[in-house]
Every structure is written in structure tokens, then in C-alpha cells.
Amino acid sequence: MFKNRKSFFQRLGIFLAILGPGIITGSVDNDAGGITTYSVAAAIYGYNLIWTLIPSFIVLIVIQEMNARMGIVTGKGLADLIRENAGVKVTFFIFIGLLIADLGNTTTEFAGVAGSMEVFGVSKYISVPVVGFLIWFLVVKGTYKIAERIFLLFSVSLLMYVVSAIMGKPHWGEIGTSIIHPQLEINTKSISMIIGIIGTTIAPWMQFYMQSSVIEKGLKMKQYKYTLIDIVVGCVATVVVAFFIMVACASTLHENGVQINEAKDAALALKPLAGDFASQIFAFGLFIASIFSATILPLATAFYVCEAFGFEAGIDKKWDEAKEFYVLYTGILIIGAAIILIPNAPLVSISLWTQVINGMLLPVVLVCMILLVNNKKIMGQYVNKPINNIIGWGAIVVLIGLSAALLVLQLFQ
Amino acid sequence: MTSITTFYLSRVIGQKAYDSRNKCIGIVKDLLVDRDSSAHSSGHPVVNGIKIKHDKLIAFYSFQNFHIEKINGKTKVICDQLTELSPENISNNMYLVEAVLDNQIVDLNGRKLVRVNDVRLVTITNDTFAVAVDIGIEGLLRRIGIAKPMKFAFSIFGSAIPSKFILWEDVETIDYSNLNIKLSKSYAKLQTLHPSDLADIIEDLGRKASAELFSALDEEQAADVLEELEVETQVHIIESLSIEKAADVLDLMPADEVADILDALGDEKVELLLNEMEKDTSQEVRELLDYPNHEVGSIMSTEVMSFNRHKTVEDVLAELRAKKPEAESLYNLFVINKKDVLIATFSLRDLVISAPEMTIDKIMKPSPVRLYDDQEVDEIAEFISKYNMLAIPVVDRNEVLQGMVVIDDVIDDLMNKRRMNK
């Protein structure tokens with residue numbers, strides 16, 4: 001009896017020690033862009049797009065598992081593997097796309113910072129420069145690891161969306177019915193919304209991030225089981241938070257016919273419908289999510305671009321040793337923050353184009369990944385099982401199909 | 001007549017190759033060079049073969065009858081006579097595209113890994129050599145196919161695209177294409193690197209390549225490098241080696257370092273390794289492994305030089321010459337009585353400046369600062385800063401000398417702690 005308990009605690013110990021890659025990736029996933037997409041989708045379509053979270057969840061798990069397996073077996077980053085096996089041209093296309101998309105993503109994160117702080121009455125001309133400088137300072141002064149842990153703790157507060165959702169008094173029966181029988185008209189708007197939700201849940205840059213953090217943790221095949229649990233927990237957290245954000249917005253905004261463009265609008269609109277507290281919780285969640293992603297995203301992007309093109313990279317390097325890396329990192333941060341400070345900046349089209357690029361990039365990255373993970377020379381005995389390939393290729397075909405459908409619908413309207 | 005033609009690998013790969021009657025014989029896929037670059041007197045690897053694809057068929061030909069011509073800035077591959085390479089000739093070579101291009105190689109001067117964007121080759125009369133690797137931005141643009149327009153654009157503003165080359169003699173390639181076949185490749189050039197630099201490079205390599213590179217090191221160097229690696233990499237390397245080879249490397253390392261590595265391995269593996277290691281080394285390691293991790297005994301070094309107080313300076317020097325201890329045990333010398341109880345210390349300086357016939361009890365400093373083997377590791381830092389010592393003797397509760405703690409052994413722990421608190 002006691003022996004059993006001890007071994008349970010031992011196992012828990014091992015799990016806690018390797019915990020991280022999946023859960024952090026999952027938390028970063030629900031960034032400002034994600035929260036915006038979920039709230040806008042729910043405000044327009046009510047409960048009728050919640051079902052998209054189920055296929056997203058399955059694909060997310062399958063993809064992250066492949067990333068983790070590749071990281072464990074090869075000890076190499078995804079950027080390295082793509083460069084070594086797909087050559088310069090493909091790498092160049094992917095990373096130019098990734099750079100532009102992440103610049104857009106970073107802008108969206110700062111929009112989240114600005115928007116959430118405005119709910120609390122702080123002007124964006126104060127909040128954005130302060131937060132931007134703090135993030136830059138935090139990373140360049142080498143306290144990034146600590147920051148990551150604090151943010152991880154804070155990201156538990158994303159579960160506050162559950163409270164926010166319940167305060168909106170949702171109709172649970174209706175939610176169930178719309179997951180099984182969604183009432184949805186097929187048109188440009190709804191398809192682009194579906195692509196948006198999938199694109200924000202499975203962002204291309206996350207694949208690179210996931211694989212690097214697995215390597216950094218020095219995980220081994222022996223710990224594979226725990227890594228898998230970590231991934232599943234992270235994916236569940238992502239989808240649960242997304243679910244409650246959609247419920248919160250659907251049961252209040254949609255039922256009252258309120259239309260929104262930004263996550264901030266959702267927070268403001270919640271005020272008269274669900275009370276001050278619900279509104280503030282929503283804004284606080286947005287703030288934490290934005291600042292967390294704004295820290296990780298520019299850093300990760302600069303790192304992968306340098307990795308792929310063979311420049312020195314890493315926050316442990318000095319400025320002179322890794323000039324390209326620091327210039328890129330600082331550049332992304334400054335441009336992202338500066339765009340927000342321009343009066344009347346076209347934020348809606350920036351976030352739209354970011355999602356389009358993300359959506360175009362995702363199938364390319366996924367195809368590279370599946371080819372890599374099936375390559376016996378790279379993966380040895382740990383190549384994909386048929387089930388991974390079916391889900392992976394299925395997801396690629398569906399994504400390309402959706403993008404093509406969107407294009408065709410747009411052409412004929 | 002000597003003709004010199006220089007060209008880039010990227011300019012010939014994917015190009016059509018022609019015979020002397022200007023008929024296409026296929027598409028160039030890869031160039032094969034000597035695996036061992038020191039084989040040729042120039043120190044540069046000679047291009048021996050060429051891989052050509054024609055109608056979905058892949059063939060390897062000798063490069064002897066091929067030559068590269070530049071016509072109006074275009075590079076053309078021409079062959080006078082096709083001679084197929086025999087399979088054993090192929091296997092003696094390294095593939096430039098598969099093993100070098102886009103892969104990481106070791107830059108010996110910069111002591112780090114760099115990624116190859118292109119390879120520069122030169123033909124001098126009949127031989128073609130790989131002379132340098134291109135790791136600069138110009139190489140990247142050339143591969144993407146926009147180097148020339150970009151160069152033109154830059155020249156308008158009177159500047160040039162930054163280009164960066166490393167000569168072949170200053171790099172060591174890691175042959176990724178043969179990692180599974182385990183053809184032996186000597187990494188002779190890596191001998192010149194400091195073990196710490198080599199350890200950093202190994203940590204940056206992928207799993208297979210790091211294991212391959214490590215197993216190519218000789219045992220002495222392997223032991224030095226293993227000591228410098230991070231724990232995760234140490235475990236990965238030990239697990240990738242055969243038990244015999246791993247034991248041989250561990251035999252050459254100080255017992256306390258070995259104990260640290262074994263601590264991170266699975267119990268079964270530890271037992272196998274200890275049984276395979278030499279008796280006296282494994283005995284010391286076992287004793288260290290018995291200490292819990294938080295106690296001083298677990299990190300102490302057991303290789304200490306201790307002497308009887310009645311010995312003369314000359315005796316001690318003779319003994320040191322015979323035993324040839326490592327530097328750290330040489331600088332810190334201890335005096336013990338018949339029951340091995342620690343009574344004093346003396347330094348190498350004291351020894352060297354004293355007359356040969358002087359006895360040790362005349363030069364020793366009695367009642368030394370010491371740690372107990374069951375004391376907490378955390379207390380070492382205080383001792384070191386308080387007494388300004390580079391090494392502190394460790395005794396058990398009966399005052400019997402067990403080993404010593406050297407500042408090197410605790411500095412990593414201390415630095416980690418500071419980083420955590422930052």
C-alpha cells in the first residue's frame with residue numbers, strides 16, 4: 001500500500017521534473033490573437049463554431065507528439081532539420097513567411113496589451129512602451145527562464161475565463177446541441193473563421209518552439225510516456241480555455257447581437273451584460289496572455305531564423321557574438337510595439353493578413369514535418385505509425401482544401 | 001600550360017553535364033571528395049567522383065575526365081570520357097552535397113559549429129580541390145538564386161554583400177551521411193581544440209553526430225571532454241557507447257567526476273559499468289556513490305597525496321615524480337599519522353623552496369581547516385570564501401583523511417545557484 005504510494009509520488013516527481021514543453025506551448029497558444037479570434041467567432045456565430053475545437057485538439061496533439069519525438073530522437077531543432085533536408089530555398093520561403101507572420105503576431109500581442117490596459121483606464125501610449133521595454137530588458141539581461149516560470153504560473157489565471165463564462169449564464173443544452181448539429185451557412189466569412197480558429201490554435205511557429213524546448217529539457221525516449229502526458233495536459237488546457245472564451249462571448253455578446261472586432265471590445269461589451277467583474281477578468285486574462293506571448297514570440301522567431309541560416313543565436317551569447325540574433329529580436333519587438341502606437345493603425349487588416357500567412361505556412365511546415373518524421377535515416381525505428389500519418393496528412397488535406405475553398409468562394413462572389 | 005578555374009558547388013549542382021560532342025549525359029547531383037583531406041599534399045580534399053542522374057538512373061563517374069568551363073558567366077560541366085567508379089572507390093569518399101552542404105561543420109579557429117552555405121572549389125591543371133566553405137550571406141543569396149541582382153543592387157550604393165569563407169584546413173567536417181554505416185573517419189584536426197571547446201561543440205550537435213564524434217576521440221581526450229559536458233549530454237554519450245568503451249573512458253577520469261555521471265544513470269547500467277572498470281577506480285567510485293547527494297563526500301575528489309611527517313623533502317619529491325599526480329592533487333599536499341588521521345598540510349611551494357634533507361614536520365602547517373564528509377554541500381562555499389582556499393581536505397568523523405574538495409568541483413553548483421536567484 002505504502003510502497004505503491006511512494007512509487008506514485010516518484011512518478012509524479014519525474015513528471016513534474018520534465019513538465020513544461022507541452023504545457024508552456026499550450027499556454028502561449030491562447031495568446032491575444034487566439035482570444036480575439038475565439039471571441040469574434042463566438043460573437044458572430046454563437047455556439048455554432050465550438051465544434052471546430054475538437055478536430056483542432058486531435059490535430060494539435062498529433063503534431064506536438066511528432067515534434068517531441070523528433071526532438072528526442074535527433075536532438076536537433078526543426079529549423080535545423082528543415083535546412084539540412086529540404087535545402088535553402090524551402091527554408092528561405094518558410095522563414096520569410098514565419099518572420100512576417102510573427103511580426104504580425106507580435107503586433108497582435110501588443111494590441112492585446114494596449115486593449116486590456118485600456119479597460120483598466122491606462123493609455124496605450126504608456127502601457128505599450130513600458131511593457132515593450134520590460135520584455136526586452138528581461139530577456140537581454142538573461143532572466144528569461146525565471147520570467148517563463150512566473151508567466152506559466154500566471155497563465156493558470158487563464159482558467160478565470162471559466163468564471164467569466166459561467167457568469168454569462170450559458171445554456172449548456174444548447175451548447176451540446178450545436179457541437180453535434182452546428183447551424184452554419186457555408187460562405188467566405190464562415191470558412192475564413194474556421195481557418196482562423198484552426199490557424200490560431202495550431203500556429204506554425206509553435207512547432208519550432210515545442211521541438212526546441214524538448215531538446216533544451218534533454219528529454220530521452222525513456223521519458224516518452226511523461227512527455228506524452230505533458231502534451232495532452234497542455235492541449236487540454238488550450239482547448240478548455242478556448243472553449244470557455246467562446247462560451248463566455250456566445251452566451252452574452254451573440255445573444256444580444258453585439259458585434260466586435262477586437263478582444264478588448266469583448267471585455268468592454270461584457271460589462272453591461274455580465275458585470276464589472278466578468279469584464280475585468282476577461283481583460284486581465286488578455287493582458288497576461290499577451291505579455292507572455294510577446295515575450296516568447298520575438299525571441300523564438302529570432303532564434304529559429306538564425307538557427308536555419310547558421311547565425312549565432314541564444315540569450316547566453318554576447319551582443320557582438322550574436323549580432324544578427326539580437327538585431328532581429330530587438331527589431332521584431334520594436335516594430336511590433338511601434339505599429340500599435342501609430343494612430344488609426346489598420347489593426348484588423350494586420351491581424352487578418354497575419355492569419356492568412358499563418359494559414360498558408362502551416363501546410364508547408366506540416367508537410368516538411370511529416371516527411372522528416374517518416375525519414376528512416378533521421379528517425380530510425382521511431383518513424384511515424386500509420387495512425388499519425390493518416391491524421392497528419394488528413395489535416396494537411398483539409399487545411400489546403402479549406403484555403404482553396406476560401407479562394408474559390410472569394411473569386412466567385 | 002596551367003589553367004586555374006574556380007567555381008562554387010551550388011553552380012554545378014543541378015546543372016546538365018555534357019560530353020565532348022555537346023550531348024547531355026545527365027544532371028549533376030553530387031561531388032565526391034577524399035574522406036581524409038590530408039591524403040593529398042596540398043591539404044585540400046581532391047574531388048574524385050561525380051554523381052550523375054540520367055533518366056532516373058544514378059551513376060558515379062571518375063572526376064578525372066570532367067572539367068568545368070565558364071562561358072559568359074555560366075558554369076558548364078563537360079566530360080571527355082565517362083569512367084565509372086568502382087563501389088569501393090565510392091565508399092572511400094565523402095559526398096559534398098549530402099554531407100557538407102547545409103550541414104554543420106566545426107570552425108577550428110572560431111571553435112564553434114557553423115552552417116555551410118556553399119563550397120568553393122578550384123581546378124588546377126587536372127585536379128580539382130575543395131578549398132573553402134562559404135558561411136556568409138552572399139553564399140545564402142547565391143543558393144536562393146538572387147546573388148547577382150543583389151550584388152548589383154548593393155554596388156549601386158557602393159557597398160558589398162558581406163561574404164565569409166573559411167579555408168578547408170581550418171574546418172573539420174562531420175560526415176552525417178555515414179553515421180549509420182560507421183565508417184571510421186579520423187577527426188585529427190579536432191585534437192587541436194581545448195576539451196572545453198570540444199565539449200561545447202558536441203553539445204550543439206544532434207544526438208547521432210555527437211555520439212559519432214565522441215567515439216572517434218582517443219580515450220585520453222574522450223575522458224577530458226566527457227568531464228566538461230553537461231549532465232544530459234554525458235548520459236546520452238555514455239549510453240551510446242559500448243559498456244567496454246565507456247568503462248575505459250571512465251577509468252581515465254577522476255573518481256568524483258565518474259560518481260557524478262553514474263548518479264544520473266540507471267542502476268543497472270551503473271552496475272555493469274562499475275564491474276567493467278578497473279578494480280581500484282571502481283572501488284573509489286562506489287564509496288563516493290554511497291554518500292547522499294547533499295553531503296560533502298559525494299563531490300569530493302579522492303585522489304589526494306598524503307605523507308608521513310618524518311619524511312624528508314627529497315623523499316616526497318621522489319614520490320611525486322614517481323606517481324605523477326594531476327595538478328590539483330600536486331598543489332595540495334597533506335600530512336597524516338599512522339592511523340591516517342589528518343594532522344597538517346603543506347604546499348608545493350613550501351616543498352620546492354626547502355632544503356632536500358628537511359623533514360616535513362618542519363615545513364607543515366598544523367591543524368588545518370577541514371570539512372567532514374557528512375557535512376552539507378551548501379556549507380562549502382562559506383569555507384572557501386572565508387579561508388581563501390582553492391582546496392579543502394575532507395575527513396570523516398574519526399578525523400581520517402578521505403579526500404579533498406577542489407574549488408572546480410563546487411564552482412558549477414555555486415554558479416547555478418546564483419543564476420537561479422537572479
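The contact between the two chains takes 28 residues from chain A and 25 from chain B, where contact means heavy atoms within 4.5 Å. This is a predicted model, in which local features need pLDDT of at least 70, side-chain atom pairs count only at pLDDT 80 or more, and totals for chains, interfaces and linings use all residues. Residues are numbered from 1 along each chain as its sequence is written, chains are lettered from A and ligands numbered from 1 in the order in which they are written, and side-chain values use heavy atoms, leaving out hydrogens and water.

How much area do chain B and chain A bury between them? About 2200 Å², with 50% of it on carbon and sulfur atoms; buried area here is the accessible area (1.4 Å probe) that two parts lose on being put together, summed over both. On the chain B side, B:Arg115, B:Ile144 and B:Arg207 supply 29% of what that chain buries against chain A, more than any other three residues.

Now chain A by itself. It has 18 helices and zero strands, counting DSSP runs numbered from the N terminus (helices H or I, at least four residues; strands E, at least two). Its radius of gyration is 21 Å, close to the 22 Å from the globule rule for 413 residues, so chain A is as compact as a globular protein of that length. That radius is taken over C-alpha atoms, and the rule is 2.2 Å times the number of residues to the power 0.38. The C-alpha trace of chain A spans about 60 × 55 × 50 Å along its principal axes.

Among contacts in chain A between residues at least 6 apart in sequence, 83% join residues at least 24 apart.
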